[in-house]
Amino acid sequence: MKMHFCIPVSQQQLDPLGGRYVLYSVYLDGYLFCRVRYSRLHRWNEQLRRVFGNCLPPFPPKYYLAMTTSMADERRGQLEQYLQNVTMDPDMLRSDVFIDFLRLVQLDTFNITTKTASLDIFLPDGRNIPVEILTSDTAERVLEVVSHRMGLCQELLGYFGLFLIRFCKEGKLSVVKKLVDFELPYVSLRSAEVENCKVGLRKWYMDPSLDSVLMDCLAAVDLIYMQAVQDFEKEWAKPTQTQRQKLEALQKEHNQTKFLELSQEVRHYGYLQLDPCTCDYPEPGCGAILSVGNNEISCCITLPDNQTQEIIFQMNRVKCWQVTFLGTLLDMDGPQRTLNQNLELRFQFSEESGWQWFVIYTKQAFLLSSCLKKMISEKMLKLAAENPEMQIEVPEQGKSKKYHIQQSQKDSSRFLPRKSRIEMAKVDCVLGTIKEEDL
């Protein structure tokens, strides 16, 4: 699946000899990932090509004369597309030449040297696990260290992930982003510039029924139980009064298994709730609370008369979505470390009158997009298990897994660094064809 790489900012710099070069600010999931020169990316591409041959996406060509403004903007867009496409190959994502380069540019951008450090990993019950790491350790490596400390079965690591989580006033929390495998948690935590932000361990799947896969591992059960209790306390899950009483009784008995079994029946159990945002339905500026999970997007909308209305979009009604940065370029003199202002996610869905767009304005647009991709991936995995005679390849958690399936829904996601005209796709039916490489 394509990752949310974008290059909305580039700056001209002077080298020590007085020459000029362009420094590209590369963002991942809306946060500054690195700043890098074209020449450095070009050398990296050559290294990748020696390992992987011609299967790499095209790399922007060199210019031997001075670039015009339009040529510079074209190169910026081409580099952006290159980074998005090169991350689609799971074998490449796991290669040393890929990981080592991205590790180095992250460290160099934020002037962090490789050294031993202590990093606190926070659990859903409020405890933290201090782990000794290298500042250059990737999220994948840190997750392995934490899981070993907790006794979590290695084969279940793909069901969990490390997240940047902001702890707000009144005990509320906000999931900022999921750290991808090649990110450096030590660096990301310090570069995000998010107040009261910590690295947290959470389950990373949107289908609540997948709890059943983890029930034979005591450490995994402990983790998902902690998160379930947290979700009820934060009111992300919506039990009825009767369900709440039963859950409280089971919690007092420390009966984790029965607690999790009953949780499966609770509305919005296992969903990720976003911070309050706005949407364009039924008119622009309406407040909304979004909960995402179990193959649906649930929107609780505050209408102009302060009445509320809940709308649920099943993922089989969603054709595609895109994230757009609506603002002007960031302050060229500022730190330029986040794009989380003026972000829009719009998705196209089917209804009786045809295809419609639903627009959400949220700082967590990239996180929402990641959740939508996760739901699509899990849906395909489930269909693959039910239809073993048909073939599809589903990359999951950096590993390539082959399944057999007839894809039945079209989905694509993309990032537009500036507001642009949207082309309405011509369709003949509600269900099209998924192209997994477009996810």
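View 1. The model is predicted: local features need pLDDT of at least 70, side-chain atom pairs count only at pLDDT 80 or more, and totals for chains, interfaces and linings use all residues. Residues are numbered from 1 along each chain as its sequence is written, and side-chain values use heavy atoms, with hydrogens and water left out. The structure has zero disulfides (pairs of cysteine sulfur atoms within 2.5 Å).

View 2. Cys-197 is buried, at 13% relative accessible area. Cys-55 is partly exposed, because its relative accessibility is 47% (buried is under 20%, exposed over 50%, partly exposed in between; 1.4 Å probe, protein chains only).

**View 3. The open sheet.** Five strands run in the order S5-S4-S8-S6-S7, with mixed pairing (strands are DSSP runs of E, at least two residues, and helices are runs of H or I, at least four, numbered from the N terminus; strands pair if DSSP finds at least two bridges between them). Strands S5 (128–134) and S7 (173–178) are the edges, each pairing on one side only. From one strand to the next, the twist averages 45 degrees (angles run from 0 to 180 degrees between N-to-C directions, with axes fitted to C-alpha atoms, for helices over the stretch in contact).

**View 4. Strands S6 and S8, with helix H5.** Seven bridges join S6 (residues 160–167) to S8 (residues 197–203) in the antiparallel sense. Phe-163 has Gly-200 in S8 as its bridge partner. Helix H5 (residues 139–150) packs on the sheet and touches S4 (116–122), S5, S6 and S8 (contact means heavy atoms within 4.5 Å). The direction of H5 makes about 130 degrees with that of S5.
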